Amino acid sequence: DTDHSLPLSVFTEIERMEARLVKLDDSDKNKKPLSKALERLEKKLTGLRYERIPYLGKPYKEGMVCEARFIPSNDPKHKVPTITRVIKPYISYCGKPIQTAEIEVSECG
């Protein structure tokens, strides 16, 4: 049986760092090198047949396989329920899910 703990940890950290990168100003000289490093890490894991589905910023659709918490929002960008935080990313190995996503969804009420 394969131990997936390291890839799961690395993907979770990639997810966290990407969320922080979005908040950095584009003029920040560290943004591009950090982004490229995260891409390389993810590419390595993809080469080992792992896959992460990037949910952050995507619209939430009924029936998605995930654990979702819904947060009320006054932001007009959230007219459609939007995934605004990924606590745990969705990860598959050889096309089979090994971790379900845990997400927060913001929606106008």
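A pocket, on a 1 Å grid over the protein atoms alone, is an open set of points with protein on both sides within 12 Å along at least five of seven lines, and its lining residues have an atom within 4 Å of a point. The structure shown here is a predicted model, in which local features need pLDDT of at least 70 and side-chain atom pairs count only at pLDDT 80 or more, while totals for chains, interfaces and linings use all residues. Residues are numbered from 1 along each chain as its sequence is written, and side-chain values use heavy atoms, with hydrogens and water left out.

The protein chain holds 2 helices and 6 strands, where helices (H or I, at least four residues) and strands (E, at least two) are DSSP runs numbered from the N terminus. Read from the N terminus, the order of elements is α-α-β-β-β-β-β-β. Along the principal axes, the C-alpha atoms fill a box of roughly 45 × 40 × 15 Å. Of the 109 residues, 31% count as buried; buried means under 20% relative accessible area, exposed over 50%, and partly exposed in between, with a 1.4 Å probe and protein chains only.

The largest pocket comes next. Its space amounts to about 370 Å³, a volume being the space filled by probe spheres set on the grid points, which are joined across faces, edges and corners. Glu15, Arg16, Ala19, Arg20, Val22, Lys23, Leu56, Thr84, Arg85, Val86 and Ile87 form the lining. Helix H1 (5-23) and strand E3 (82-88) each supply at least two of the lining residues, and H1 gives the most, with 6. By type, the lining divides into 5 nonpolar, 1 polar and 5 charged residues; Ala, Val, Leu, Ile, Met, Phe, Trp, Tyr, Cys and Pro count as nonpolar, Asp, Glu, Lys and Arg as charged, and the others, Gly among them, as polar.

Helix H2 (residues 31-47) contains Leu45, which counts as buried because its relative accessibility is 9%. Beyond its neighbours within four places in sequence, Leu45 is in contact with Pro7, Val10, Phe11, Ile14 and Tyr50.

E1 and E4 run antiparallel and are joined by 4 bridges, strands being paired if DSSP finds at least two bridges between them. In this pairing, Ile53 stands opposite Tyr90 of E4. Ser92 also belongs to E4 (residues 90-93), and it is classed as buried because its relative accessibility is 4%. Leaving out residues up to four places away in sequence, Ser92 touches Arg49, Tyr50, Glu51, Pro97 and Ile98.

Most residues other than glycine have a negative phi. Arg49, although not a glycine, has a positive phi of about 75°; this residue sits in the loop between H2 and E1 and is exposed, with a relative accessible area of 52%. Cys94 also has a positive phi, near 55°, and lies in the loop between E4 and strand E5 (96-99). Cys94 counts as partly exposed, at 34% relative accessibility.

Definitions and conventions. Contact = heavy atoms within 4.5 Å. 1 Å grid on protein atoms, 1.4 Å probe; cavity = no way out; pocket = protein on both sides within 12 Å on 5 of 7 lines; lining within 4 Å.
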